[in-house]
Amino acid sequence: MMTSVDTDLIRVMADPLRLQIVTLLARETLCTTHLVEETGAKQTNLSNHMKILREAGVVETEPCGRFTYYKLRPEVLAGLAEQFAALAASARTAAENKRACP
């Protein structure tokens with residue numbers, strides 16, 4: 001059984017700032033101002049990263065007056081975790097499989 005992981009989502013999550021953002025949003029829903037304060041990133045840089053996270057389906061927005069709040073879509077992270085769990089299960093069962101060298 002061949003198990004694969006969503007490589008596009010891995011690329012999105014691999015960026016250190018985006019991973020920091022996801023970690024912060026795992027604790028609470030935050031607006032752009034909060035994220036700028038917490039990460040130290042410039043607002044334009046943060047907005048670009050939020051666009052990438054939105055397009056990947058990792059976060060969703062919630063307008064609130066003149067602010068935009070961001071919250072995680074836990075089902076996306078759970079799906080990624082399931083993919084990794086399946087990969088780990090495959091590795092456990094394949095540990096005894098050794099291809100002979102020619």
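Axes here are lines fitted to C-alpha atoms, for helices over the stretch in contact, and angles run from 0 to 180 degrees between N-to-C directions; contact means heavy atoms within 4.5 Å. Helices (H or I, at least four residues) and strands (E, at least two) are DSSP runs, numbered from the N terminus. This is a predicted model, in which local features need pLDDT of at least 70, side-chain atom pairs count only at pLDDT 80 or more, and totals for chains, interfaces and linings use all residues. Residues are numbered from 1 along each chain as its sequence is written, and side-chain values use heavy atoms, without hydrogens and water.

Select residues 16-25: this is helix 2, lying across strands 1, 2 and 3 and running at about 85° to strand 3.

Next, show the sheet, which is open, with three strands in the order 1-3-2 and antiparallel pairing. Strands 1 and 2 are at the edges with a single partner strand each, so one side of each has no neighbour in the sheet.

Select residues 59-64, strand 2: six bridges join it to strand 3 (pairing requires at least two bridges found by DSSP). V59 is bridged to L72. Move on to the hairpin turn between strands 2 and 3, two residues in length, where G65 has a positive phi of about 65°.

Finish at residues 30-31, strand 1, which pairs with strand 3 (residues 67-72) over two bridges; L30 has Y70 as its bridge partner.
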